[in-house]
Amino acid sequence: MTALTTPSSAATDTRLGILLMLLGMSLFTVNDALGKWLVADYPVAMLLAIRSLFGAVLLAPLILREGVRSVFAVKRLPLHLLRVGCVAGEVACFYWAVRSLPLANVMTIYMAAPLIVTALSVPLLGEKVGWRRWAAVLVGFAGVVIVLNPTGQFDALPSLIALSGTVVFSLGLISTRLLRDSSNLSLVSFQTFGTGLLGGAALPLVWVPPPGLDFLLLGALGVTALAGHAAMNRSLQLSPAAVVVPFQYVSIVWAVALDLLVWGTAPTLRILLGALLIIGSGLFVFHREQALNRGAAAESNAGGGPGA
């Protein structure tokens, strides 16, 4: 009976995992679009502080259940604090960039993060990257250059802020990889409370009293971000990463649609071409890493060492 029901159950989990990944990325895109809408009227520090406040309220019952000490008394505290700085920095850069650029442009640049992580993993993590992945990284960076369009109409400051945010975001991903032994609750709690403290420190200088509805919309940034993380994490628990991770790129589709519907901005052929190169390169790097991991596991099981 178990043999008969297991394939069906696995297929159901995979389908649910795909749906949860689509939900998570849709929530992230709504979060980003809402941030673009609000940052036109409110300082970035307010967005960071109020979204973190609402996120902290949602996290509080989980923290109390696990115990405050077990959540925050972590090993490698300096690395956790560095990660908090990276998270706060990349979110701030994103909001600053979307003030002046279409949402799809900024999100396309941010989609280069896996390629930057691959490049930085060599000096920072001591990992080996073969020529195929280096070639994919170069193609992806060519896509970034096409999106930035430095030889044509080039909004230098917001474009460079978006690119800087992508680099900082990539450093945050690397620090998360280094902290993979920490619990998800500790990682999310540190980034939520840490980002809130950093944004709150600037509030006396930039505070703009928001109406009640705007205050709730600012708080919705924290709610949708946490819900998106929960959906994405559950997706990865239910389904193989190789199946669900490619669906992360649906956020580009949502960003283009929201740009068109809300701000009346249609994507240019240049943006679409750059996005195609970045997404294609990112998918190749991801599947290449999956193949190498499977090969290394097979060699290890056979008594050999990891593949190059």
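The model is predicted: local features need pLDDT of at least 70, side-chain atom pairs count only at pLDDT 80 or more, and totals for chains, interfaces and linings use all residues. Residues are numbered from 1 along each chain as its sequence is written, and side-chain values use heavy atoms, leaving out hydrogens and water.

**Whole chain**

Begin with the cartoon view. Along the principal axes, the C-alpha atoms fill a box of roughly 65 × 55 × 40 Å.

**Annotated spans**

Next, select residues 16-148 and 161-285, where an unreviewed UniProt entry places the feature "domain: EamA"; such annotations may be inferred rather than shown by experiment. Residues 16-148 are 85% helix and 0% strand, with end C-alpha atoms 36 Å apart. For residues 161-285, the figures are 81% helix and 0% strand, and the end C-alpha atoms lie 25 Å apart.

**The largest nonpolar core**

Now display the side chains of L38, L47, F94, Y95, L103 and V106, which touch the most other members of the 42-residue largest nonpolar core. A nonpolar core is a set of buried Ala, Val, Leu, Ile, Met, Phe, Trp, Tyr and Cys residues joined through side-chain atoms within 4.5 Å. Helices supplying at least two residues each include α1 (2-39), α4 (77-98) and α14 (269-301). The largest share, 8 residues, comes from α4.

Centre on L103. Leaving aside neighbours within four places in sequence, L103 is in contact (heavy atoms within 4.5 Å) with T29, D32, A33, K36, F94, V98, A255 and D259.

**S235**

Finally, select S235 in helix α11. Is S235 buried or exposed? S235 is buried, with a relative accessible area of 0%. A polar atom of the S235 side chain lies 2.6 Å from the backbone oxygen of G17. Beyond four places in sequence, S235 is in contact with G17, L20, M21 and V244.

Note on methods:
Helix = DSSP H or I, 4+ residues; strand = E, 2+ residues; numbered from the N terminus. Buried < 20%, exposed > 50% of the residue type's maximum accessible area, 1.4 Å probe, protein only. Polar contact = N/O pair within 3.5 Å; in protein donor to acceptor, adjacent residues only side chain to side chain.
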